[in-house]
Amino acid sequence: MGSTIFDADEDSLPVPDASATFNPRIRRDAQRGGRGSRRGWLVLAVILIAAFFGLRMFSPAGDWDTASVLQDFFTLSISVVVESLPFVFLGILLSTVVQVWLPSGLLLRRLPRAPVLRRLVLSLLGVLFPVCECGNMPLARGLMLRGLTVSDSVTFLLAAPILNPVTIITTYQAFGWEDGILVSRVLGGFVIANLVGAVVAAHPSPDRLLTPSFQAACDVAGHAHASVSRIRRSAGAFAEETSAMLPALFVGSAIAGAIQVGVHRDLLSSLGSNPLLSVVALLVLAFVVSICSNVDAFFVLSLGSTFMPGGIVAFLVFGPMIDIKMLSLMRTTYTARALVLITALVALCVIVLGLGVNLGA
Amino acid sequence: MGLILSLIGIVATVWLGFTGRLGLYIHPRYTVFTLIMALLAGVIAVIAFTVVPGKDDEHGHDDAPPPTRRGRVLRRGKTAGLVAIVVVAMFALLVLPPSTLSAATAQERTVNAAAPAPNSSSIDSILTGADTSTFTVKDWSLYLRMGASDDFLASHPAEVVGFVSADPDDPQNVFYVTRFTITCCAVDATPIGLAVYLPGWSDRYHEGDWVSVNGSIVANPSSSSAEPFAIAPSQVSPVAEPPEPYVY
């Protein structure tokens with residue numbers, strides 16, 4: 001999946017830049033890409049859709065009689081896909097708007113120059129884009145193609161799902177001001193996102209934290225394809241982003257489903273009343289459950305009687321930042337090493353935060 | 001590839017939506033949003049199909065140095081991986097019959113492990129005049145935990161529908177009428193249940209069977225079960241799985 005971003009940008013969009021003259025196939029496509037072939041692709045798309053619908057309708061409707069663990073694995077994985085897919089699409093659409101339709105630099109030029117201030121502002125950007133975490137990844141990619149630095153993007157990704165009106169409202173509905181959970185979540189998320197952003201910024205060459213294929217896409221994005229129509233570029237961006245995101249989403253969902261079937265939850269709930277273990281247990285649960293940040297407060301509310309408030313805060317701060325599905329999506333853009341670093345840092349910060357809430361309460 | 005995967009996801013979502021089975025996977029509050037995004041993405045995917053032709057069969061990138069042997073193997077592996085993802089996605093989303101979570105997951109997640117926290121002291125006054133015949137497993141479970149009085153319970157028999165799962169502490173005599181409750185999607189499903197005291201129940205019912213249980217709620221006669229209350233059933237009858245198997 002890595003190279004598809006790169007391929008798509010070069011091959012599929014008949015871009016009149018230097019590379020086109022070296023690639024006879026592209027030139028031929030550009031000349032030939034008239035009505036006829038386009039209609040052919042339309043027909044193919046319609047046939048595909050019809051075939052998928054046909055397959056769905058004529059598949060046996062009966063019940064399962066096989067092992068129920070396997071059934072639950074599929075149900076759980078499918079539920080993650082069905083739940084995240086609309087948000088991923090929304091994120092991709094926003095990303096396309098940022099990449100193609102917004103005047104170049106409209107967003108970025110207004111950001112403060114000083115890196116620390118810029119990250120502060122970016123961590124509040126989630127207020128403008130109330131998408132939950134799975135939609136933020138494509139959006140962050142779009143912003144990076146438009147010139148956002150690596151550390152900026154990390155700050156945005158970590159902060160936006162928490163500092164976001166929907167999340168704040170649902171957390172308030174679930175917990176009110178009880179035990180300082182809401183305040184700890186919002187402030188903690190803000191501080192941790194900026195802290196981790198600062199650490200990433202201190203990396204000697206932050207670009208090495210990006211996957212080679214995404215670096216390449218950034219390089220290409222530098223040369224403006226001004227002569228290609230916006231519709232075409234939007235379609236190209238949509239195709240590229242779905243090629244990068246959907247395989248990652250599907251694989252991430254399958255892993256999340258498999259771990260859910262395998263990990264026993266009662267193991268976690270027996271740790272609820274220890275100040276440190278309750279934090280670690282809910283951190284692990286947040287990682288495994290991969291639930292959307294907009295509603296995770298309602299989910300963890302039911303654990304409120306079993307776990308100390310620090311554990312709840314850990315769940316509410318760590319979950320939106322890092323979980324199985326999110327790591328799979330982030331892997332499209334950042335190297336595995338970078339993700340290990342970021343995950344470890346965030347986990348450490350959240351443990352400190354949760355422990356602080358437990359001991360302070 | 002992305003477009004094909006998109007279409008698979010979109011077709012599956014739309015089909016689930018229009019056959020009313022999206023509720024097996026996600027909370028109903030997302031249904032409208034999910035369907036709108038699926039239809040919108042479907043239109044865009046079709047447009048993208050016509051504008052971005054041949055993207056998947058042209059892997060060449062002529063600026064790059066000619067691929068090494070290792071590069072070719074990597075690329076082939078990557079393509080094979082993508083094809084595998086598409087095939088599995090088609091199988092999971094388009095071929096398998098949609099299903100709910102099974103009783104195995106209820107066991108694994110421990111029924112009533114995470115009960116809603118009590119937040120009212122005068123529960124009987126809330127319940128006065130309530131129509132208990134509409135109470136679900138979730139309602140009963142909540143009110144029992146909030147301390148509904150014995151008088152109230154004696155005059156209000158329960159009539160609930162759920163699937164059977166054994167009480168791990170006393171599997172011979174007690175089973176739970178169980179439902180999953182959902183806040184977001186099936187991933188966060190948490191089983192809740194009402195204990196039913198019926199010695200020898202496992203001769204007649206299997207775990208996972210859907211049943212309707214009638215009877216009054218009494219102090220649990222079982223000595224080893226952790227549940228303080230249980231239904232003393234006057235009637236247990238098998239029923240079909242309801243179209244909305246989860247409670248919210």
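## A walk through chains A and B

The secondary structure of chain B comes to seven helices and five strands. This is a predicted model, and everything below is computed from it. Read from the N terminus, the elements of chain B run α-α-α-α-α-α-α-β-β-β-β-β. Chain B has 248 residues, and 51% of them count as buried. Take the contacts in chain B between residues at least 6 apart in sequence: 66% join residues at least 24 apart.

Start with the helical part of chain B. Helix α1 (residues 2-18) of chain B packs with helix α3 (residues 69-95) of chain B. The angle is about 5 degrees, and the axes are 10 Å apart. That angle makes α1(B) roughly parallel to α3(B), because angles under 35 degrees count as such. From α1(B), the contact takes in B:Ile4, B:Leu5, B:Ile8, B:Gly9, B:Val11 and B:Ala12. They meet B:Ile85, B:Val86, B:Ala89, B:Met90, B:Leu93 and B:Leu94 in α3(B). The residues of this contact between α1(B) and α3(B) divide into 11 nonpolar, one polar and no charged. B:Gly9 belongs to this contact, and Gly is counted as polar.

Now move to the aromatic residues. A search of the whole structure finds 12 aromatic pairs over all chains. One of them joins B:Phe180 and B:Tyr246. The pair is edge-to-face, with 6.4 Å centre to centre and 75 degrees between the planes. It links distant parts of the chain: the two residues are 66 residues apart. B:Phe180 lies in strand β2 (residues 174-181) of chain B, while B:Tyr246 lies in the segment after β5 (229-238) of chain B. Are B:Phe180 and B:Tyr246 buried or exposed? Both are buried. They also belong to one aromatic cluster, formed by B:Phe163, B:Phe180, B:Trp210 and B:Tyr246.

Chain A has another make-up. It has 18 helices and zero strands. Of its 361 residues, 57% count as buried. Among contacts in chain A with a separation of 6 or more, residues 24 or more positions apart account for 83%.

Two helix pairs show how chain A is put together. The axes of helix α5 (residues 68-101) of chain A and α7(A) come within 7 Å. They cross at roughly 15 degrees. α5(A) and α7(A) are therefore roughly parallel to each other. α5(A) passes α7(A) in a right-handed crossing. On the α5(A) side, the contact involves A:Ser84, A:Phe87, A:Val88, A:Gly91, A:Ile92, A:Leu94, A:Ser95, A:Val98 and A:Gln99. On the α7(A) side are A:Cys134, A:Gly135, A:Pro138, A:Leu139, A:Gly142, A:Leu143 and A:Leu145. The residues of this contact between α5(A) and α7(A) divide into 10 nonpolar, six polar and no charged.

Which residues does A:Gly135 contact, leaving aside its neighbours within four places in sequence? They are A:Phe87, A:Val88 and A:Gly91.

In α14(A), the contact residues are A:Pro275, A:Leu276, A:Ser278, A:Val279, A:Val280 and A:Leu283. Their partners in α18(A) are A:Ala347, A:Val350, A:Ile351, A:Gly354, A:Leu355, A:Asn358 and A:Leu359. The residues of the contact of α14(A) with α18(A) divide into 10 nonpolar, three polar and no charged.

One more residue of α14(A) deserves a look. A:Phe287 is placed in helix α14 (residues 275-289) of chain A. A:Phe287 has a relative accessible area of 26%, so it is partly exposed. Not counting residues up to four places away in sequence, A:Phe287 touches A:Phe318, A:Ile322, A:Asp323, A:Ile324 and A:Leu327. A:Phe287 and A:Ala256 are 31 residues apart in sequence and 9.0 Å apart in space, C-alpha to C-alpha.

Note on methods. Residues are numbered from 1 along each chain as its sequence is written. Chains are lettered from A and ligands numbered from 1 in the order in which they are written. This is a predicted model: local features need pLDDT of at least 70, side-chain atom pairs count only at pLDDT 80 or more; totals for chains, interfaces and linings use all residues. Side-chain values use heavy atoms; hydrogens and water are left out. Contact means heavy atoms within 4.5 Å. Axes are lines fitted to C-alpha atoms, for helices over the stretch in contact, and angles run from 0 to 180 degrees between N-to-C directions. Helices (H or I, at least four residues) and strands (E, at least two) are DSSP runs, numbered from the N terminus. Angles under 35 degrees count as roughly parallel, over 145 as roughly antiparallel, 65 to 115 as roughly perpendicular and the rest as oblique. A crossing is left-handed if the near helix is turned anticlockwise from the far one by less than a right angle, and right-handed if clockwise. Rings of Phe, Tyr and Trp (its six-membered ring) pair if their centres lie within 6.5 Å; planes under 30 degrees apart count as stacked, over 60 as edge-to-face and the rest as tilted. Buried means under 20% relative accessible area, exposed over 50%, partly exposed in between (1.4 Å probe, protein chains only).
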